[in-house]
Amino acid sequence: MNIFRKALLVPYTFMLMNWAVVAGFYYFTRGHRDFWNAPNTRRA
Amino acid sequence: MVEVIFWTSLSCIAYVYAGYPLLLMAWRRLARRPVHKRYQELSVSLVVAMHNEKKNVRAKMENCFELDYPADKLQVIVSLDAPTDGTDALICDYAVRGVDVVHSPVRRGKAAALNSGVAVATGEILLFADARQRFDKSAVRELVANFADEFVGSVSGELLLLDEEAQEASDAVGAYWRYEKRLRAMESDIHSVPGASGAIYAIRRDSFVALRPETILDDVVIPMGIVLGGKRAIVDPAARAYDASQDPGLEYGRKTRTLTGNYQLFSQMPELLVPWRNPIFVQVISHKLGRLLVPYCLVALLISNLFLLHGFYFGVFVCQILWYVLAGAGWLLSTRGAESPVPQFEFGQGEKEI
C-alpha cells in the first residue's frame, strides 16, 4: 500500500470508526436487540 | 464560552488518543504486574457459537483438531443457533469425531448459544472462540499456562489481522488494530484489559456466570465481571489467532455492533462507573467511555472553531478541514469499484470484537 493511499484511508477509517459510535448509540436507543427469542435447546 | 467548548473538546480527543496511551506508558513503567506463567495441562472446553457458518465450519473444526494440546484434555463444543445454511449438517461429520454439538432450532443469539454450550462443558477452563478465526497450534497451551497465576481470571489471546500475503496487515484497519493492541498490552501489564478478543479468550470454569440472553458483547461482559470479582483479565500475545484484514466498510459494521454493545455494557454494569467498585476505573473511563464521547467532541470542536477564526484557532480550523477533506477522499478511494462501500449493518450478524 503506498503512502498516498494510506494518507487517505487513515482519516477515513478514523471518521468511520467515530461514525460507528453514533450509529451504535442509535441502534442502542432504538432497542435493536429484540431478535433474541425464548430458549429452546436440545442436545444433538 | 465558545473557547471553553473548544478546549474541552480538544482536550477530550487529545486525551483519549494520545494522553491516555502516554499515561499507560508511564503507569506501566512504575507499576508493572508480571503474570507468573507455568505450562500445565488443565482440562479445557472450547466453546464455539455458530449461526450460519457453512463456509467456516470445516476449517474451524480441522483447526481445533490440529491444536497442540492433549485430545483427552480438550473438549470441543459447538453451540448451533438455528442455522439455516446447512451448518448443522456439516457439523454432524464432526460430532462422530468427538465434537459435542448443542443445537437450538430457534434463533436466540450468541449469548444464549454460549450459555447452552457452557452448560455441557466439563473442562476446568472455558475457551471461547468465533467460527471464522484460526488458532495458532500452541494457542491453547499458552492461554492455559497463565492460569497458574492465581490472580488471573481471564486470558485473551492476540488476534492478528493478515493481508493477502499472510503478513500482518499494514492498511488503515490493520494500523488501527495494532494501536488498539498496544493499548491492551499496556493495560494488561498494569492490571486488566477492559474486554477480551471474542476470537480467542479463556476463563476459569468457576468464574462463568450465565450471560443475559440480550448481551451483545460477551467478550467484554465476562472479563469485566471477573475483574469486578477481584481477578485480572489479561492479554497474552503468545496465544495467537488469525483473521483476514477487513476493508474499512466491513470493519465499520463490526465496530457498530461493538459500540452498541458498549452502551449496553454501561447500562447492564453501572458499577463499572464507580471508582471504588471497579479496579480498572481509569482504563474503562479512558478506553471505553472516552471513545463514546469522541465523535461528539469532534462535532463540538468544529462548530466552536467556526466562531474562533483567528490566530492559533484558524490554524486548527485549517487542520480540521484538511482532515475531513482527506477522509472524504479516502471514502471515494475505498468506494472505487465497490458496489456498496459501507454495508448496511445487520444486527446480530457481525463477528465479535475484541
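These are legends for several close-up views of a predicted model.

**Ground rules for the views.** Residues count from 1 along each chain as its sequence is written, while chains are lettered from A and ligands numbered from 1 in the order in which they are written. As this is a predicted model, local features need pLDDT of at least 70, side-chain atom pairs count only at pLDDT 80 or more, and totals for chains, interfaces and linings use all residues, with side-chain values based on heavy atoms and with hydrogens and water left out.

**View 1. Chain B as a whole.** Chain B has 10 helices and eight strands (DSSP runs numbered from the N terminus: helices are H or I with at least four residues, strands are E with at least two). The C-alpha trace of chain B spans about 75 × 50 × 35 Å along its principal axes. Of the 354 residues in chain B, 57% are buried (under 20% relative accessible area; exposed is over 50% and partly exposed is in between, with a 1.4 Å probe and protein chains only). Among contacts in chain B with a separation of 6 or more, 80% join residues 24 or more positions apart (contact means heavy atoms within 4.5 Å).

**View 2. Helix H2 of chain B and its cover.** H2(B) runs over residues 54–65, and its buried residues are Asn56(B), Val57(B), Lys60(B), Met61(B), Asn63(B) and Cys64(B). They sit on the same side of H2(B), because they cover an arc of only 155 degrees around the axis (the arc of the directions from the helix axis to the C-beta atoms). An α-helix has 3.6 residues a turn, so residues three or four places apart point the same way. The cover over the buried residues of H2(B) includes strands E1 (44–50), E2 (74–81), E4 (125–129) and E5 (134–135), along with helix H3 (87–95).

**View 3. Helix H3 of chain B.** Here the buried residues are Thr87(B), Leu90(B), Ile91(B) and Tyr94(B). Their arc around the axis is only 95 degrees, which puts them on the same side of H3(B). E1, H2, E2 and strand E3 (100–104) of chain B are among the elements that cover them.

**View 4. Ala82(B), a loop residue with positive phi.** Look for Ala82(B) in the loop between E2 and H3 of chain B. Its phi is near 50 degrees, a positive value in a residue other than glycine. Most residues other than glycine have a negative phi. Ala82(B) counts as buried, because its relative accessibility is 10%.

**View 5. Leu309(B), between two helices.** Leu309(B) lies in the loop between helix H9 (281–306) and helix H10 (311–335) of chain B. Leu309(B) is partly exposed, with a relative accessible area of 42%. Setting aside neighbours within four places in sequence, Leu309(B) is in contact with Phe314(B) and Phe317(B). From C-alpha to C-alpha, Leu309(B) and Tyr201(B) are 49 Å apart in space, and they are 108 residues apart in sequence.

**View 6. Thr256(B), inside helix H8.** Thr256(B) belongs to helix H8 of chain B, residues 248–268. With a relative accessible area of 0%, Thr256(B) is buried. Its C-alpha atom is separated by 37 Å from that of Lys73(B), 183 residues away along the chain.
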